[in-house]
Amino acid sequence: MIKNYLKLTFRNILKQKSYSFINIFGLAVGITSFIVILLYVQNELSYNKHIQNAGNKYRMVEIQYPPGIQEQHVAVTMGPLAAALKSDFPEVKQSMRITGGGTLFVSYGEKHFNEENTCFADTNVFDFLSIDLIKGNPASALKEINSVVLSEKLALKYFSSVDGAINKVINIANEPFVVTGVMKDITQNTHIYFEMVMPFVIMENRFDWMRTWGSNSLDTYIELVEGVKSEEFEKKLPEFIKKYTSESWQKLEMYIQPILDIHLRSKHIKFQTYNYKQGDISQVYIFSAIAILILIVACINYINLSTARAVKRAREVGIRKTSGAQKEKIIFQFLGESVILVFLSTIIAIFLVEIILPYVNKLLNIELAISLTNWTFSIGIFILIIILGVFSGSYPAFYLSRFNPVKVLKGSVSGNEKGGTGFLRKALVIVQFAISIIIIVSTLVSISQVNYFHK
């Protein structure tokens, strides 16, 4: 029976080439847009998820009340804060400081470069951020004051090999540093991105104010002990602040921001030393809604085309009913046709996505990719095909299966329907236009917000 339905489906596709092309290609374009947007949303939601125990790691944020200025949330903190948090609170498993090094002139032999992605960090930075070292010991790589750890990318650029980088001396800002480790290139799905890291103690020795409570110039991160609630920990911070700050700082407040929230939920925070390719959760919501609306428009287009062809399919249904076909089997046949069309559209969409992604990646400076070997993606595509097939094919299937065979064979196309499909099709067209307007407006708003954010 299923084999017979497949034959009928492909026979109808070949028989109605123009209709099939419009329907399949229309669905393919909609599914392509949906997949690309979905990959973008998935990428935005994946930031920092590679960090082990990320659910218990936080960034310290200050709430300041400068005279004549509204309260402001800032991510920069004091140098002694990390050590004080670790010593005063048993709830704090570890703390870590990091600050950007800016653009530094680096040379080795005849090779000279200006490196932008540099930083100074505490010795536990690799453990805290789950950065793997290809060469070197992560626990001791930054113990010596003149040590430096390079990314694999920089190691290959300077020494042509990872092995050849270890224990080599390079000049950074005209000072000698020994390469004590080579780390894997950091994933771009992180809010902290660097290619060269040096010991934080260098900054403390260079600037006295780094050791005082009167200056904010670095990021402080903590990891809470498993089971400690962030709300309970934050209640203890006011007394902690009073203990270490002067009266002029008594209006200062602090809270902890989950590291998983930093990328998308930091729009209100100023002076962020690190928030690589900062995003916005509202953009994620908008693009997710647009993706769903695009699929709805594609499904509506399919329904309109299917019901428009009801006249040509009516006689087929009438003959099949007079031959003894049950209503349920006719419904199953049309739903099957819909699922097969969606399947073909999805295959085309995947090819279109592969063609489009390099341009999207270049435009957005990200690294989106699809992988059919990824079970989550493959199962998601399979579920999408079934849902779209059933959703878009339901009305045509039930509508066509209701035809009265006697009236149809006599030439009454509408069968036992009183009003036909005219009203429904008009309503669907209106919905299509409404959704299209919403998508256009949402896109323009998103573009204006992104442009404003980058000004």
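Q: Starting with Gln 94: buried or exposed?
A: Gln 94 is buried, at 12% relative accessible area. Buried here is under 20%, exposed is over 50% and partly exposed is in between, using a 1.4 Å probe and protein chains only. Bear in mind that this is a predicted model, where local features need pLDDT of at least 70, side-chain atom pairs count only at pLDDT 80 or more, and totals for chains, interfaces and linings use all residues. Residues are numbered from 1 along each chain as its sequence is written, and side-chain values use heavy atoms, with hydrogens and water left out.

Q: Which strand is Gln 94 in?
A: Strand 3, residues 92-100. Strands are DSSP E runs of at least two residues and helices are H or I runs of at least four, numbered from the N terminus.

Q: What does the side chain of Gln 94 make a polar contact with?
A: The side chain of Asn 124, at 2.9 Å. The side chain of Asp 127 also joins that of Gln 94 through a polar contact, at 3.2 Å. (The contact is a pair of N or O atoms within 3.5 Å; within protein, one must be able to donate a hydrogen and the other to accept it, and residues adjacent in sequence count only if both atoms are side-chain atoms.)

Q: OK, Glu 223 next. Where is it found?
A: Glu 223 is in strand 12, which covers residues 219-224. With a relative accessible area of 4%, Glu 223 counts as buried.

Q: And which side chain does a polar contact join to Glu 223?
A: That of Asn 53, with the contact at 2.5 Å.

Q: Switching to rings. How many aromatic pairs does a search of the whole structure find?
A: The search finds 13. One of them is Tyr 108 with Phe 159, edge-to-face, with 4.6 Å centre to centre and 65° between the planes. Rings of Phe, Tyr and Trp (its six-membered ring) pair if their centres lie within 6.5 Å; planes under 30 degrees apart are stacked, over 60 edge-to-face, and the rest tilted.

Q: What does the Tyr 108 and Phe 159 pair tie together?
A: Tyr 108 sits in strand 4 (residues 104-108) and Phe 159 in helix 5 (residues 152-159), so the pair ties together parts 51 residues apart in sequence. Tyr 108 is partly exposed at 26% relative accessible area, while Phe 159 is buried at 10%.

Q: What sort of pair do Tyr 193 and Tyr 276 form?
A: A stacked one: 4.8 Å centre to centre, with 15° between the planes. Tyr 193 is in the loop between strand 10 (175-183) and strand 11 (196-199), and Tyr 276 is in the loop between strand 14 (269-270) and helix 9 (281-308), so this pair ties together parts 83 residues apart in sequence. Tyr 193 is buried at 13% relative accessible area, and Tyr 276 is partly exposed at 22%.

Q: Which residues do ring pairs link into a cluster?
A: Phe 89, Trp 213, Phe 233, Phe 240 and Tyr 244.

Q: Which ring does the charged end of Lys 157 sit over?
A: The ring of Phe 113, 4.4 Å from its centre. Lys 57 likewise lies over the face of Phe 128, at 4.8 Å from the ring centre. (The cut-offs: NZ of Lys or CZ of Arg within 6 Å of the ring centre and within 35 degrees of the ring normal.)

Q: Last one: Gly 389, buried or exposed?
A: Buried, with 0% relative accessibility. Gly 389 is in helix 12.
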